[in-house]
Amino acid sequence: MPSQTDTTAATNEHRILRRAEVEAKTGFKRAHIYSLMKEGKFPKALRLGVRAVGWDSVEIEQWISDRLKERA
């Protein structure tokens, strides 16, 4: 059974999330994500290749957490 520290450590592990996973986590579609990025209201995508981008999982999780705190 994982302890609380194991769960916290796993949450803070940096992974590259592809767009489909970011869409699933945020509930936003591509156009809205890119619009928020352009406005500086969403973490910037990392260029992975000529036609590939990804997002840092820790930045996305922090953005979601911050957004939930704003609503509380």
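Lys-25 is partly exposed, because its relative accessibility is 36%, which falls between the 20% limit for buried and the 50% limit for exposed. The model in which this residue sits is predicted. Lys-25 forms a salt bridge with Glu-61, and their closest N and O atoms are 2.8 Å apart. Lys-25 belongs to helix α2 and Glu-61 to helix α4, which spans residues 57-71, so the pair ties together parts that are 36 residues apart in sequence. Glu-61 also counts as partly exposed, at 28% relative accessibility.

Side chains of opposite charge can pair when their charged atoms come close. The structure holds four salt bridges, and the one between Lys-25 and Glu-61 is one of them.

Helix α2, made of residues 19-26, contains both partners of another pair, Glu-23 and Arg-19. Glu-23 forms a salt bridge with Arg-19, with 2.8 Å between the closest N and O atoms. The two are four residues apart in the helix, so about one helical turn separates them. Is Glu-23 buried or exposed? Glu-23 is buried, because its relative accessible area is 16% and the limit for buried is under 20%. Arg-19, at 36% relative accessibility, is partly exposed.

A further salt bridge joins Glu-39 to Lys-41, where the closest N and O atoms are 3.4 Å apart. Glu-39 is partly exposed, with 47% relative accessibility. Lys-41 has a relative accessible area of 52% and is therefore exposed, since the limit for exposed is over 50%.

Which residues make the nonpolar surface patch of about 240 Å²? The patch is made by Ile-16, Leu-46 and Leu-48. Leu-48 is located in strand β2, which covers residues 46-49. With a relative accessibility of 42%, Leu-48 is partly exposed.

The chain has four helices and three strands. Read from the N terminus, the elements follow the order α-β-α-α-β-β-α. Of its 72 residues, 25% count as buried. The accessible surface of the chain is about 5,500 Å², and carbon and sulfur atoms account for 53% of that area.

Contacts give another view of the chain. Among contacts with a separation of 6 or more, 44% are between residues 24 or more positions apart.

Technical notes. Residues are numbered from 1 along each chain as its sequence is written. This is a predicted model: local features need pLDDT of at least 70, side-chain atom pairs count only at pLDDT 80 or more; totals for chains, interfaces and linings use all residues. Side-chain values use heavy atoms; hydrogens and water are left out. Patches are made of residues with over 30% relative accessible area and no salt bridge: like charges are joined within 9 Å, nonpolar side chains (Val, Leu, Ile, Met, Phe, Trp, Tyr) within 5 Å. Accessible areas come from the Shrake-Rupley method with a 1.4 Å probe; for residues, only the protein chains shown count as cover. A salt bridge is a side-chain nitrogen of Lys or Arg within 4 Å of a carboxyl oxygen of Asp or Glu. Buried means under 20% relative accessible area, exposed over 50%, partly exposed in between (1.4 Å probe, protein chains only). Contact means heavy atoms within 4.5 Å.
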